[in-house]
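Work through the exercises below with the structure in view. Each task is followed by a solution in steps.

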Amino acid sequence: MADSQRHPFLHGLSKHRGAPPTVVVIFGASGDLTARKLIPAVYNLGVDNLLPTDFHLVGYGRKEIPDDEFRGLAKDAIKEFSRRELDDESWGRISANTTYVAGGYDDLQAFERLASHIDKIEQQVGRDVQSLFYISTPPSVFAPILKNLGAAGLAGKHLGKPHHAKVIIEKPFGRNLESARELNGTIRSVFEEHQVYRIDHYLGKETVQDLLVQRFSNAIFEPLWNRNFIDSVQITVSEEVGVGSRGGYYEQSGALRDMIQNHTMQLLALTAMEPPVSLDAESIRDEKVKLLKAIQPLNIGPNGDVARAQYSAGMIGGKEVRGYLEEEGIAADSKTETYAALRMSINNWRWQGVPFYLRSGKRMARRVSEIAINFKRPPGTLFADSEKFNLANNTLAFQIQPDEGLSMILNAKIPGLETRTQPVKMNFRYATTFGSNTPEAYERLVLDAMIGDGTLFIRGDEAETSWKLCTPILDAWSEAGREVMESYPAGSWGPAGSDALLAKNNQLWRQP
Ligand SMILES: NC(=O)c1ccc[n+]([C@@H]2O[C@H](COP(=O)([O-])OP(=O)(O)OC[C@H]3O[C@@H](n4cnc5c(N)ncnc54)[C@H](OP(=O)(O)O)[C@@H]3O)[C@@H](O)[C@H]2O)c1
């Protein structure tokens, strides 16, 4: 039986979410992301019969690669990275319509060649075909690609018709508020906002989408989702890996840019936003922006709302690993943080007085992404004897990765002849309930962009609002010397300064 028939997530998709005839053009087609995520995503959509009948894939890059060789590279990528094994019949259908165009990113003539290539595909198909441009290159060439898409007439293709051109832009969306505004300016000079899909692949993950379902479809949560019942919210995105061979890239980035500004801020917005009036893209994005705008400016000074650190040597999985400053490509006096934590306050009716803690780091004790909602304690009159009554705050945790699911900490009586209590955990795991072959985030996102559903993508004003909060922190860190950089041993849960952010409110980080 095909996965599309038995996988519960896929029921109904092929019938109700059909994409029009489409040519997906990947800029940076010889790159790492294309091989690891994009080609496997297209392939798995094909296996699930979710690609339109007239689907074409075009790779674009500076290297001269014959069509056959590109198809071979794509096939190898599927063999290595796809969640499902290569099935020759499924791949054959995509491969027959897979081609490659060589050209520079700042070369208008090459873009005109690309335009003719797409015209030929359209003639072959015999009707309008929508173009979906996926910019999967380093950010230094985002602007030339966008400008040339405009100059070659590709951005405006079929504008005003249902099959208008669309563009997906990979992260990072700018390095700070100024560059994000500049990039938005370039995009808007060429595309209309409804044509633009800024990707944050976290939004394609099942548990992130489940957050909306849990919040707004279960009567038990929404009445409690406010300052009267919630004590604090902790959002953690931690990795066990260090910078590996990507030290040069990471030196220009750091934890705040790489994770906090995009992924954790998105998780925060979805957790804390008001109920949208509908599930359409604009309603949800309006609520996210409103929420981000209600976050108070952070106190960046000493003993303020921020902590940053670099990992020192330590142990990961029983093995000794080196510190950040000893990694390949890292300056001896590097000021790039591998860990960042923030304490945020949201100044609105629902959340005033509830701290939101965000943290992200490399070389931490465990790889995990989760949102933990910590509820207040009930009055302690009945179970006051701390010897007999081991009690925890109720915590609802959305685990985004690995092992996607939802858990709830409750207090329960220990079986026996006297009343003693202990916290217990209730677990829901996607893999156990629905099977483990969940579509990857990129599959959902590529399909949504083909269909024209922008719900799981970031709008331009959302990106800028998030940068508005993070840029003053980056500026202060870049001005400060290394003496304000803390360190934490690899394999730990981060530096003392991060614990101090919570200690002010008599709270502790959860150990997921
Ligand atoms: N890799 C990931 O897991 C990942 C995850 C999330 C987001 N992203 C984002 O996705 C985008 C692509 O990532 P990637 O890892 O695939 O990048 P990449 O492998 O470094 O580059 C992709 C392609 O872009 C072209 N390119 C590389 N450097 C260039 C330069 N300096 N000037 C012009 N073209 C250049 C190359 O193609 P040609 O030489 O053939 O033109 C290369 O194959 C980036 O924006 C990245 O931040 C990546």
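The model is predicted.

**Exercise 1. A strand with two neighbours**

Task: Find the bridge partner of Ser312 in β17, then describe how β8 pairs and whether its residues are mostly buried or exposed.

Solution. Step 1: Ser312 has Pro489 as its bridge partner in β17. Step 2: this bridge belongs to the pairing of β8 with β17, which is parallel and has four bridges. Step 3: β8 also pairs with β11, here in the antiparallel sense, again over four bridges. In that pairing, Ala307 stands opposite Ala341 of β11. Step 4: strand β8 covers residues 306-312, and six of its seven residues are buried, which leaves the strand mostly covered.

**Exercise 2. The nine-stranded sheet**

Task: In what order do the nine strands of the open sheet lie, and which are its edge strands?

Solution. Step 1: the order is β16-β15-β14-β13-β7-β12-β11-β8-β17, and the pairing is mixed. Step 2: β16 (421-429) and β17 (486-489) are the edge strands, each pairing on one side only. Step 3: from one strand to the next, the twist averages 20 degrees. Step 4: within the sheet, β7 (residues 230-238) and β13 (residues 368-375) run antiparallel and are joined by eight bridges. Ser232 stands opposite Asn374 in β13.

Task: Which strands does helix α11 touch, and which does helix α9 lie across?

Solution. Step 1: helix α11 (residues 255-272) packs on the sheet and touches β7, β11 (339-344), β12 (356-361) and β13. The direction of α11 makes about 145 degrees with that of β12. Step 2: helix α9 (residues 206-217) lies across β14 (395-401) and β15 (405-413). Its direction is at about 150 degrees to β14.

**Exercise 3. The six-stranded sheet**

Task: Give the strand order of the six-stranded open sheet and the sense of its pairing.

Solution. Step 1: the strands follow the order β3-β2-β1-β4-β5-β6, with parallel pairing. Step 2: the edges are β3 (98-102) and β6 (196-198), each of which pairs on one side only. Step 3: ignoring direction, neighbouring strands are turned by 20 degrees against each other on average. Step 4: β1 (residues 22-27) runs parallel to β4 (residues 130-135), and six bridges join them. Val25 stands opposite Phe133 in β4. Step 5: β1 also pairs with β2 in the parallel sense over six bridges, and Ile26 has Gly59 as its bridge partner in β2.

Task: Why does strand β2 count as largely enclosed?

Solution. Step 1: a residue is buried if 20 or more other C-beta atoms lie within 10 Å of its own. Step 2: seven of the seven residues of β2 (residues 55-61) are buried, so the strand is largely enclosed by the rest of the structure. Step 3: the residues point two ways, with Phe55, Leu57, Gly59 and Gly61 on one side and His56, Val58 and Tyr60 on the other, all of them buried.

**Exercise 4. The ligand shell**

Task: How many residues lie around the ligand, and which come nearest?

Solution. Step 1: there are 20 residues around the ligand, and Gly28, Gly31, Leu33, Gly61 and Arg62 come nearest. Step 2: helix α3 (residues 32-47) gives the largest share of the shell, four residues. Step 3: by class, the shell has six nonpolar, eight polar and six charged residues.

**Exercise 5. Backbone exceptions**

Solution. Step 1: most peptide bonds are trans. Step 2: Lys171 and Pro172 are joined by a cis bond with omega of about 5 degrees, and Pro172 is in the loop between β5 (166-169) and α8 (177-190). Step 3: the bond from Gln401 to Pro402 is cis as well, with omega near -15 degrees. Pro402 lies in the loop between β14 and β15.

Task: What is the phi of Asn49, and what is that of His158?

Solution. Step 1: most residues other than glycine have a negative phi. Step 2: Asn49 has a positive phi near 60 degrees and sits in the loop between α3 and β2. With 17 C-beta neighbours inside 10 Å, Asn49 counts as partly exposed. Step 3: His158 has a positive phi of about 60 degrees and lies in the loop between α7 (142-151) and β5. His158 is partly exposed, with 15 other C-beta atoms within 10 Å.

Conventions: Residues are numbered from 1 along each chain as its sequence is written. This is a predicted model: local features need pLDDT of at least 70, side-chain atom pairs count only at pLDDT 80 or more; totals for chains, interfaces and linings use all residues. Two strands pair if DSSP finds at least two bridges between them. Axes are lines fitted to C-alpha atoms, for helices over the stretch in contact, and angles run from 0 to 180 degrees between N-to-C directions. Two residues are in contact if their C-beta atoms, placed from the backbone, lie within 7 Å. A residue is buried if 20 or more other C-beta atoms lie within 10 Å of its own, exposed if 12 or fewer, and partly exposed in between; C-beta atoms are placed from the backbone. A residue is near a molecule or strand if its C-beta atom, placed from the backbone, lies within 6 Å of it. Ala, Val, Leu, Ile, Met, Phe, Trp, Tyr, Cys and Pro count as nonpolar, Asp, Glu, Lys and Arg as charged, and the others, Gly among them, as polar.
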